[in-house]
Amino acid sequence: MAAIYQPAYRRAALFCRSHSTYVRKMRYLNKLKEDDSFCRQAQTSGTFYLFHNLSPFLQKVGKKYLIPQLSAAEMKRILEKFKETEQWIEKSVLIACSDEHVPHFALDLGALEKSAIESELEGSFTDLQKALFVVDRKDSPLLASAHALLQWHDSHQYCSKTGQPTQKNVAGSKRVCQASGITYYPQMSPVVIVLVSNGSRCLLARQPSFPQGMYTALSGFCDIGEAVEEAVRREVAEEVGLEVESLWYSASQHWPFPSSCLMIACHALVRGQQTQISMNSLELEEARWFGLEEIVEGLKREPKSAKRDDGSLLPWFPPKQAIAHQLINEWVLQQTS
């Protein structure tokens, strides 16, 4: 019997070893969230990402924008310089940790003078939407998560049942109302984003609030009690008057606009002969079909290069950091494979 089970045991041991770094990291993060004393101690050796009224701090080095990580010692120095106590660090929120178990925190210094901090650290606090598209792609999710968590704490300081103040735990993974005992956890709103195709063309649209010339996939919040499939079908019907025949899931992405959202990306197919768009003008400014050649050209185009000689704009699409770009790119690959 031992001989029979030995190969399986070896496979299990190899699996555990290959995933042990990730498992240890996740369990370390979980302990930081659940154990206030442990997390408070970790703040003395962690690194900090700075925000000012929810705008992240960036430094420009050459043509690149970097997100500096300040050590606990550097944070202490900054706070002392601005005549603040170390207790400010407890306002930070845990956002991640490295494979080496160095915890990363985000701290909003909105009560301090913005220009003085920028001068001291030789950088600038940048609008989040701009920051997400100029930093390295691997850093964008971290900024989005930090912004969402800081914003959630800012807007959930009172219990919705008692009206009494809520208290955050050290990691910032929850808030508790001492009067009622209710525990509040950060939440995300599910949003479907769908690229509609009729086989040879895909449908893109724009809202009045979009940058000029930009087209993207349809999107909308899921209703209470609604499955993703139902939300996709409803949004397509509401916004462009088309009926989805089939759909499939692609990927998901956290997106901090307008608040903390989970973008659930899907492809949807409508009948080939069903091409007449009936646009909801309350939702959209324009919606139209795009052929493969126009999509390929649009993916190469940047906003600055979209203007024609006569002043009109050629269509351009969301940048690579946005999941809409991934949907459009996947459609191109489907068409060309």
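## Contacts between the domains

Two residues are in contact when heavy atoms of each lie within 4.5 Å. The model is predicted: local features need pLDDT of at least 70, side-chain atom pairs count only at pLDDT 80 or more, and totals for chains, interfaces and linings use all residues. Residues are numbered from 1 along each chain as its sequence is written, and side-chain values use heavy atoms, with hydrogens and water left out.

The chain is assigned domain 1 (21-157) and domain 2 (189-336); such bounds come from an automatic or database domain assignment. Their centres, taken over C-alpha atoms, are 33 Å apart. Twelve residues of domain 1 are in contact with ten residues of domain 2.

## The interface

About 870 Å² is buried between domain 1 and domain 2, and carbon and sulfur atoms give 70% of this area. Buried area is the accessible area (1.4 Å probe) that two parts lose on being put together, summed over both.

On the side of domain 1 that touches domain 2, helix H5 (128-134) and helix H6 (140-155) each give two or more residues. H6 gives the most, with six residues. Helices are DSSP runs of H or I, at least four residues long, and strands are runs of E, at least two, numbered from the N terminus.

## Glutamine 253

Glutamine 253 lies in strand S14 (residues 244-255). Glutamine 253 counts as buried because its relative accessibility is 19%, where buried means under 20% relative accessible area (1.4 Å probe, protein chains only). Its side chain reaches the backbone oxygen of glutamine 321 at 2.6 Å.

Notes: Buried means under 20% relative accessible area, exposed over 50%, partly exposed in between (1.4 Å probe, protein chains only). A polar contact is a pair of N or O atoms within 3.5 Å; within protein, one must be able to donate a hydrogen and the other to accept it, and residues adjacent in sequence count only if both atoms are side-chain atoms.
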